[in-house]
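Dear colleague,

I am handing over the model below, together with notes on what was found in it. Please keep it open beside this message while you read.

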Amino acid sequence: MTSRILNQALSGRVPSDRQALALAEFDDLKRLVQTAGEIRDAGHPDRVTYSRKVFIPLTQLCRDVCHYCTFARVPRRLKQVYMSFEEVVATAQEAAIAGCREALFTLGEKPELRYRIAAEALAEQGYSTTLEYLAEAARQVLKETRLLPHLNPGTMTRDELAGLRKLSPSMGIMLESVSSRLCQKGMPHYGSPDKQPAVRLATLEEAGKLAIPFTTGILIGIGETRRERIESLLAIRSLAQEYGHIQEVIIQNFRAKPDTQMAKAPEPDLGELLWTIAVCRVLFGPAMNIQAPPNLSPGVLPRIVAAGINDWGGVSPVSPDFVNPEAPWPHLQKLEAETAAAGKCLTERLTIYPEYVREFKKWVAEELHTRILRASDAHGYPHTDDWLPGVSLHPPATDLARVFSGRSKRRNRIDEILARASAGERLEEHQITSLFEARGEHFSTVVKAADALRKQVSGDRVSFVVNRNINYTNVCYFRCQFCAFSKGKLSENLRGRPYDLDAEEIQRRVKEAWQRGATEVCMQGGIHPQYTGQTYLDILNLVKEAAPDIHIHAFSPLEIWQGASTLGLSLEDYLRRLQENGLGSLPGTAAEVLDDEVRKVICPDKINTQQWLEVMFNAHSVGLKTTATIMYGHVDRYIHWARHLLRIRDLQVQTSGFTEFVPLPFVAEEAPIYLKGRSRRGPSFREAVLMHSVARLVLHPHITNIQAGWVKMGHEGVKACLNAGCNDLGGTLMNESITRAAGAAHGEETSPEEMEAMIQDCERSAFQRTTLYRPATGERIRAGRQAVELIRITNTPPRRKLVRQTS
């Protein structure tokens, strides 16, 4: 029967309660561990996580008297009853400097009900309960640091939980055991009213009703039987199935401590720990996060990983484990090495797990939404670097080193995905998200696979184009929440004032661009309420009059859609008219993320995904080439990036009209959605590099040019991307204004000489191209090398009242 239960678990069906209890008699540890490891790998194939925390023992007084505990003290053995708020904040601030992200508040339960000194200490400061004092301590940490509190105050009522939910994205309480036998006289929980199983289960259930991500688990080796362990795990599983709020289950092994009633009690051996971890994995299946504290089992961590865990819990570089002071935390480098020895990548997480971060509107109080967004990346793990697109000059050293390191020789699950991509096969959404999830040596593997494909397709030649950006107006009646460029009524307090270039200034900039060696003008603007489709035709005529031979790369799909609508023309007919008047190609902007789940948040009144694709299909149909872009790192997730890439690929298979793919990392600094606290702060450097690498892999062989933009990536970031699958650096730009309006600081122009220097630094050969990837003429190249300084631009103020145009 037991073998059937394990086989069933391997197929994805968790055991029933009756079947689970039957495992209490199963002694084949090797088979059990092997099964648990395989189940874990189905949900957590290549990572073991941890939280970088600081331990804050707010008070060590407790009304309970657990016979194994050294954390709880009596008043005469304490210098102070409660940590002061100043001490709490100072501890948290020091931890933040050391890279911690979690403030773990651990404290005794309701000491004011047992000790008068605790009640008096609280009253002196205006508090009636320890939980009120804890709430203020958590509030101070949130106010003064970037740390996220995780609260372990013990049993709580619904109202107490609801109050603390506003101050902590996650909480926890160890169930320890559902065995009431352990509360009898002579047993470890005797005299501890808060260790009654019903009381602790009630707290867990109320947390579920309130949608609070909760940590719980069992303590093994305190006199319970194997069957009682399973009964405890089943009680946790029942709550998890009903409410979905149990974010992790801890299997903690008892350690005997001096000066306790259980000082001479036998500790559970390694076999018992591995057996319990494995049974827990079998009972909960592949998705649950299962943790074992690494400091309680030194020297055997790979075996613990093999038994089915996927998390080490909180590990502190700055504070001891006050609950187990005899067991120091492992150094993170050692923990990383031992995790790697088990075939896994050590990955930092927040106090709240990624699956709950991704659904933060459900699981986290509104008061903490901005904190969660700004602390996390697109997967829900911590945004671990301080690199900001468009702002940071120097990429993070660790990730930069991984870009230039060799590909991992160890086989892993993404190797098959990379092989399929390199063969030109269409990947599935979940395979693409797996590539975006790559970290550590897996990140290096993806980057190197993309770069090998780049070398195969494009060789060592890196192209760029001498061009000029001309944004003819920043007046726009759309309300894109990511855009700091467009201006309406100045109500958003954004940079700059509204402008609408006159004909003379447009032509002056075009002529100057031609004189300075440009082969292209890239022209886009806001959707001015008085612009019609004729306006764009007039702009084309102005350009051709000023420089007949310059290529016009102009008008976003949104402008095309709006222009056609105002003239009552079909997209095809309007695009033909633009083409007849000199339009050479279209930029693939306004794509943002081609998924309407994202677009309804960041650009709800803009064209939708299907309309963007429709414009591009029609442009390709009339013979106009276009680029394709993605603007990422705000409210989007890896699944959205995967869908975007596949939609671009599928249209390219149909039309062959895209010349290049251009990733545009979100520059948050001045973006309205970021200033309002409703977005992340842009992608991490790892994510930004991966976007270029994964694009190379997913779009192969249909789009052969992957561009890295110096405006957002910076010169050092561009060099990294050139070693991660990119073969193009885009344009010199001359006047870049859209990204600068969002807060970027990488300048308005990169000269041809600077482009070539970046390329040569990567030991690659430079190729000055045209918009359509033909060689620039010698005359154009010479003109670019002889370019004089740009004349200061004039942004002509709007000449008309801003009244929205209706079609």
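In what follows, two strands pair if DSSP finds at least two bridges between them; helices (H or I, at least four residues) and strands (E, at least two) are DSSP runs, numbered from the N terminus. This is a predicted model, in which local features need pLDDT of at least 70 and side-chain atom pairs count only at pLDDT 80 or more, whereas totals for chains, interfaces and linings use all residues. Residues are numbered from 1 along each chain as its sequence is written, and side-chain values use heavy atoms, with hydrogens and water left out.

**The six-stranded sheet**

An open sheet of six strands runs in the order β11-β12-β13-β14-β15-β16, and its pairing is parallel. Its edge strands are β11 and β16 (658-665), each of which pairs on one side only. From one strand to the next the twist averages 25 degrees, where axes are lines fitted to C-alpha atoms, for helices over the stretch in contact, and angles run from 0 to 180 degrees between N-to-C directions. Helix α26 (residues 638-655) packs on this sheet, touching β15 and β16 (contact means heavy atoms within 4.5 Å), and the direction of α26 makes about 165 degrees with that of β16.

Within the sheet, β12 and β13 run parallel and are joined by four bridges, with A554 in β13 as the bridge partner of M523. On to β14, the parallel pairing of β13 rests on two bridges, and here I552 stands opposite L583 in β14. Two bridges also join β14 to strand β15 (residues 625-632), again in the parallel sense, where L586 stands opposite T626 in β15. Both faces of β13 are covered, since H551 and H553 on one side and I552 and A554 on the other are all buried; buried means under 20% relative accessible area, exposed over 50% and partly exposed in between, with a 1.4 Å probe and protein chains only.

**Helix α21**

What lies between β12 and β13 in their β-α-β unit? Helix α21 does, and the unit β12, α21 and β13 is right-handed, a term that applies if, with the strands pointing away from the viewer, the path from the first strand over the helix to the second runs clockwise. Helix α21 (residues 533-546) has 14 residues and reaches 21 Å from its first C-alpha to its last, close to the 20 Å expected at 1.5 Å a residue, the expected span being 1.5 Å times one less than the number of residues. Among the buried residues of α21 are G533, Y536, L540 and V543, and the partners against which the buried residues of this helix pack include α20 (503-515), β12 (520-524), β13 (551-554) and α22 (557-567).

**The three-stranded sheet**

A further open sheet has three strands in the order β17-β10-β18, with parallel pairing. The edge strands are β17 (728-731) and β18 (765-769), each pairing on one side only, and the twist averages 20 degrees from one strand to the next. Strand β10 (residues 461-465) pairs with β18 over five bridges in the parallel sense, and the bridge partner of R461 in β18 is S765.

**Aromatic pairs**

The structure holds 17 aromatic pairs, counted where rings of Phe, Tyr and Trp (its six-membered ring) have centres within 6.5 Å, with planes under 30 degrees apart taken as stacked, over 60 as edge-to-face and the rest as tilted. The rings of Y127 and Y133 have their centres 5.5 Å apart and their planes at 90 degrees, so this pair is edge-to-face; both Y127 and Y133 are buried, and Y82, F85, Y127 and Y133 form one aromatic cluster. The rings of Y472 and Y536 have centres 6.5 Å apart and planes at 55 degrees, so that pair is tilted. It links distant parts of the chain, with Y472 in the loop between β11 (467-471) and α20 and Y536 in helix α21, 64 residues apart, and both tyrosines are buried.

**Backbone points to check**

A cis peptide bond joins H700 and P701, with omega about 0 degrees, and P701 lies in the loop between α28 (685-699) and α29 (710-722). Although K110 is not a glycine, K110 has a positive phi of about 40 degrees, and its place is in the loop between β2 (102-107) and α5 (116-124). L733, also not a glycine, has a positive phi of about 75 degrees; L733 lies in the loop between β17 and α30 (738-741) and is buried, with a relative accessible area of 11%.

With kind regards
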